[in-house]
Number of protein chains: 2
Amino acid sequence: MIRTIELKETVTASNDRDAAELRRELTARGLFLVNLTSAPGSGKTTLISRTVSDLIGRVRIGVMEADIASDVDAKKIAALGAASIQLHTDGMCHMDAGMTRAGLAGMPTGDLDVVFLENVGNLICPAEFDTGAHVNVMILSVPEGDDKPLKYPLMFQKSDALVVTKTDAAPYFDFDFAAVTRRARALNPGIAVFPVSAKTGEGMRAWEDWLLAERKRGRHA
Amino acid sequence: MIRTIELKETVTASNDRDAAELRRELTARGLFLVNLTSAPGSGKTTLISRTVSDLIGRVRIGVMEADIASDVDAKKIAALGAASIQLHTDGMCHMDAGMTRAGLAGMPTGDLDVVFLENVGNLICPAEFDTGAHVNVMILSVPEGDDKPLKYPLMFQKSDALVVTKTDAAPYFDFDFAAVTRRARALNPGIAVFPVSAKTGEGMRAWEDWLLAERKRGRHA
């Protein structure tokens, strides 16, 4: 049985302040919050599942799955034995800091080191709302194409890392890794780029090492 | 040189009325408007390009490409020799009827039979706004997965047809065509479903025949 929380939009005018306050509180409690954004079908849940499995015994990861409907993602995570919760956004296309706080209140945060927030599948609205996360990670799958930085620039600007998923499908699509990296860095010179296949495991180690290093850097270790 | 129009949001309270009025006007002028929605990277532009090429000499098609940034899609369409325009939504995640009307004002509609509106790449917001189109077509690509009706139900409810693209990639992904059709029809029993590959041409004929039949049915022929 997946627990589901129905969220209502909070006052967005104060979102930046609420997000900064939430981040401070989480830092003080030693909890590292990771916001994951992407288009629908980019493989966020598969990436999260593999990352949770790979890091079992090293960090305790919980997962909040935000969606406008359904609990299919939270069920997949729960099947791994990890703490997970489903958040319904009442039709809204993004999470904000107040909604993130409401979600965390439903998680066993005292027993966790890291919480992944799987944001609503959308490359537009979530870029505009700080959730209070310590790092923002954007996921782009090979089948979506290498032109996405040109079309959704704000999301690339706001992300600390870009994980390019489904690299095992690269032989069947025209996807230029050098081009996507160049386009992403033109918008955001400091963005870390990780090509991965959660199916074969290729590239997962570099992404996971970055995640653990970011957690340490923020003194959450 | 691609012409670009910068759009501002119109008053949404009256959107349903504006959309109905726009639809009546277009019907009177014999212009058939098709609204295409999908997630980013589903292959909308490739599908449109192939459809435009296949139907040259049978109907005169123009294309409006809506995006929050860039004009890469309008350039691809213009390269086919078809009338095209780029619409920028000022960061907004959807098109409404007023924005659609503003876009049409920049098109040579007197020389066209059909206009495709490529809506912003997003499965959430565009479902909530009637653009004034005669038919709504949703595109879902095989790599996105067959669970999307469960996660974005409103979009499936609002669509007259579902075009499942990138079927040539099906051998490399776990995608259950029967399951996606069953899930879509549970939400919307009348939805037409067309599996296609714009790359190989597989299934294109059935989709194009449906489009031409819908145009005739609305007495736009």
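Colleague: What makes helix H4 (residues 97-104) of chain A largely enclosed by the rest of the structure?

Modeller: The count of buried residues: six of the eight residues of H4(A) are buried, so the helix is largely enclosed. They are Ala97(A), Gly98(A), Met99(A), Thr100(A), Gly103(A) and Leu104(A). Buried means 20 or more other C-beta atoms within 10 Å of the residue's own, exposed means 12 or fewer, and partly exposed is in between, with C-beta atoms placed from the backbone. Helices are DSSP runs of H or I with at least four residues, strands are runs of E with at least two, and both are numbered from the N terminus.

Colleague: And how far can I trust it?

Modeller: This is a predicted model, where local features need pLDDT of at least 70, side-chain atom pairs count only at pLDDT 80 or more, and totals for chains, interfaces and linings use all residues. Residues are numbered from 1 along each chain as its sequence is written, and chains are lettered from A and ligands numbered from 1 in the order in which they are written. On pLDDT (the predictor's confidence in each residue, from 0 to 100), chain A has a mean of 91, and 93% of its residues reach 70 or more. For the complex, the predictor gives an ipTM of 0.78 and a pTM of 0.86.

Colleague: Why is Met204(B) called buried?

Modeller: Met204(B) has 20 C-beta neighbours inside 10 Å, so it counts as buried. This residue sits in helix H8 (residues 204-217) of chain B. Leaving out residues up to four places away in sequence, Met204(B) touches Arg50(B), Asp54(B), Val196(B) and Ala198(B); contact means C-beta atoms, placed from the backbone, within 7 Å. Arg50(B) is 154 residues away in sequence, yet the C-alpha atoms are 8.4 Å apart.

Colleague: What makes you say that the buried residues of H8(A) line one face?

Modeller: Met204(A), Trp207(A), Leu211(A) and Arg215(A) are buried in H8(A). Down the helix axis they fall within an arc of 75 degrees, so they line one face; the arc is that of the directions from the axis to the C-beta atoms. An α-helix has 3.6 residues a turn, so residues three or four places apart point the same way. The face turned away from the buried side carries exposed residues: Arg205(A), Asp209(A), Ala213(A), Lys216(A) and Arg217(A). Among the partners that the buried residues pack against are strand S2 (32-38) and helix H2 (44-54) of chain A.

Technical notes:
Two residues are in contact if their C-beta atoms, placed from the backbone, lie within 7 Å.
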